[in-house]
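Me: I have a model open and would like to learn how to read its features. Could you take me through it?

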Amino acid sequence: MTTLFRRKTVAVAFTALALTLAGGGIAVAQPAAQAPAEVAQQAARQPGSQPAVTPAEARKAKAALAQGPSALATAPGTVASAVVSSGGTLLRGSPEVVSATRFGPGQYQVLFNYNVSLKTFVATVGTTDPYNVPPGGEVSVAPRLQTPNAVFVQTRSSSGGAADRPFHLVVAN
């Protein structure tokens, strides 16, 4: 009886190995991760990329992080939100939102008082008042380069060109 179990164990091990190699193949090594400075340099060269972080913005971000949120505000399952005008003015938002800044046509930053770099971001073109239909357009959102407590938002017209649009942003904790 033990011989039967040993044979089955060996057969199962070989089958698992064969399926792994057939299904996944052999992994290929990925290039080494780039240093943050290299990432920032590449972003500066690409059209439509984020603007560079100025020393004043870096100081403001560090001050906001030092302020910190309440423990309950960043608990799993909670959200932080912001409503920003097309001119970059923070109209309303949760207490964790510190400010909103417009860099240029369709480029915005929303600053928080805690690290949001590994959170989930959702943005939509929205209205700044409860009674109007939002303008047509597109919105994309990403972590802000070199600023762990900020989100970069880019808005575009329906044809794809950079355009100022009001937006609503939610960060899920």
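Reply: Gladly! Let's begin with terms: helices (H or I, at least four residues) and strands (E, at least two) are DSSP runs, numbered from the N terminus, and two strands pair if DSSP finds at least two bridges between them. This is a predicted model, where local features need pLDDT of at least 70, side-chain atom pairs count only at pLDDT 80 or more, and totals for chains, interfaces and linings use all residues. Residues are numbered from 1 along each chain as its sequence is written, and side-chain values use heavy atoms, with hydrogens and water left out.

Me: Which residue in β7 is the bridge partner of Gln109?

Reply: Phe152 is that partner. β4 and β7 (residues 150–156) run antiparallel and are joined by five bridges. β4 (residues 107–112) also pairs with β3 in the antiparallel sense, over six bridges, and there Val110 in β4 stands opposite Ala100.

Me: In what order do the four strands form the open sheet?

Reply: The order is β3-β4-β7-β6, with antiparallel pairing. β3 (97–104) and β6 (138–143) are the edge strands, each pairing on one side only. Between β3 and β4, which form a hairpin, there are two residues, and Gly106 in the turn has a positive phi of about 75 degrees.

Me: Is β4 mostly covered or exposed?

Reply: Buried means under 20% relative accessible area, exposed over 50%, and partly exposed in between (1.4 Å probe, protein chains only). By that rule, six of the six residues of β4 are buried. One side carries Gln107, Gln109 and Leu111, the other Tyr108, Val110 and Phe112.

Me: What does Phe112 touch?

Reply: Contact means heavy atoms within 4.5 Å. Leaving out residues up to four places away in sequence, Phe112 touches several residues, among them Ala64, Ala80, Val151, Leu169 and Val171.

Me: How many residues does the largest nonpolar core have?

Reply: A nonpolar core is a set of buried Ala, Val, Leu, Ile, Met, Phe, Trp, Tyr and Cys residues joined through side-chain atoms within 4.5 Å. The largest one here has 17 residues, and those with the most contacts inside it include Val110, Phe112 and Val151.

Me: Where does pLDDT stay under 50?

Reply: pLDDT is the predictor's confidence in each residue, from 0 to 100. It stays under 50 over residues 16–45. Where pLDDT is low, the predicted coordinates should not be read in detail. The chain averages a pLDDT of 81.
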